Structures are given as structure tokens and as C-alpha cells.
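I opened this entry to keep track of what I looked up in the structure.

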Amino acid sequence: MIGPSVVIEGEITSGEDLVIEGEVSGSISAKGHEVTIGSAGKCKADVSAKVVRVEGSVQGDISGVEKVIISKTGNVLGNIDAPRVTLEDGAKFKGSIEMDPGEPANRELPIKPAVKESAPLFDTEKSKVS
């Protein structure tokens with residue numbers, strides 16, 4: 001837990017669940033774990049985790065492997081990328097949401113085969129008027 005009087009600037013990488021009640025600027029990563037921005041928490045950071053729960057404020061992009069939850073006291077200014085997103089009644093959010101329950105969002109689309117050339121629809125040589 002990062003307490004209410006703690007201020008961190010930089011990169012946080014966590015190997016366990018993390019609760020933030022203080023201020024964080026930079027980036028937060030907890031692959032395979034849950035990050036909760038508590039009601040007193042203020043983050044100017046990109047947040048990436050298995051589950052991200054926002055009860056305070058986040059200014060930055062949020063990426064959740066399983067889901068992102070913005071509670072009724074939460075305030076997010078940034079983009080969300082997760083297969084499931086919950087915005088509780090009263091939550092404040094400004095940004096975009098990318099939801100793809102299948103494969104990762106950065107997958108490439110299949111390339112369509114080239115169209116074969118066909119005979120011209122109009123033969124200009126035979127249509128000339130003398």
C-alpha cells in the first residue's frame with residue numbers, strides 16, 4: 001500500500017496487489033495482479049495490471065488484462081484498453097475505451113488478395129467515330 005502522505009515520481013513495478021492512496025507520477029505496472037487507486041489516490045501515470053480499480057483520480061492510460069472498474073467516486077482522464085470495463089453510476093470518465101475480448105488489440109488484419117485485371121468494359125478502338 002502507498003499511503004496518503006506518500007508521493008512517488010517514477011516507475012512502479014509490482015509483483016503483488018497494490019493499493020495507492022497517495023500521489024504517483026510516472027507509470028504503474030503489476031502484471032498478473034490488481035491495482036487499486038483508492039479514494040484519496042491521485043495518479044498522473046499510465047496504469048497496467050490484470051485488474052485495475054479506480055476509486056480516486058487517474059490522468060493517464062489504463063490497460064487491464066481482465067477488466068477495469070471505475071467506481072462511483074472514480075475520475076479518469078485517459079484511454080482504457082481492456083476486454084471488460086465497468087463504469088459505475090456517478091463515475092467520471094473522459095477518453096476512449098477499446099474493448100476486445102478476443103486476441104490483443106494490436107493484432108494485424110488479414111491482407112486481402114489482389115484483384116485480377118479483367119478485360120476493359122469499353123473498347124475505345126472499336127467505338128471511335130470517323
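**Strand pairing and a loop serine**

The model I am reading is a predicted one.

I then looked up the pair of strands around that bridge. Strand E3 covers residues 23-37 and strand E4 covers residues 42-54, and the two pair in the parallel sense over 12 bridges. Further along, I noted Glu-34, whose bridge partner in E4 is Val-51.

Next I stepped back to the chain. I found 11 strands and 0 helices, so I wrote the order of elements from the N terminus as β-β-β-β-β-β-β-β-β-β-β. The chain has 130 residues, and 30% of them count as buried. Among contacts with a separation of 6 or more, residues 24 or more positions apart account for 0%.

I went back to E3 and asked what else pairs with this strand. E1 is joined to E3 in the parallel sense by 7 bridges, and Val-7 stands opposite Glu-23 in E3. E2 also runs parallel to E3, with 3 bridges between them. There, Ile-20 stands opposite Ile-37 in E3.

Strand E5, residues 57-59, runs parallel to E4 and is joined to it by 2 bridges. Lys-42 stands opposite Ser-57 in E5. Strand E6, residues 62-70, also runs parallel to E4, with 7 bridges. In that pairing I noted Ser-48 opposite Ser-63 in E6.

One general point I kept in mind while reading the strands: in a regular strand the side chains alternate between the two faces of the sheet.

My last stop was the loop between strand E1 (7-13) and strand E2 (18-20), where Ser-14 lies. Is Ser-14 buried or exposed? I count Ser-14 as buried because its relative accessible area is 15%, and the cut-off for buried is under 20%. The side chain of Ser-14 reaches the backbone oxygen of Glu-16 at 2.7 Å. Which residues does Ser-14 contact once its neighbours within four places in sequence are left aside? I listed Ser-29, Ala-30, Lys-31 and His-33.

How values were computed: Residues numbered from 1 in each chain as written. Predicted model: local features only at pLDDT ≥ 70, side-chain atom pairs only at ≥ 80, totals over all residues. Heavy atoms only, no water. Helix = DSSP H or I, 4+ residues; strand = E, 2+ residues; numbered from the N terminus. Buried < 20%, exposed > 50% of the residue type's maximum accessible area, 1.4 Å probe, protein only. Contact = heavy atoms within 4.5 Å. Pairing = 2+ DSSP bridges. Polar contact = N/O pair within 3.5 Å; in protein donor to acceptor, adjacent residues only side chain to side chain.
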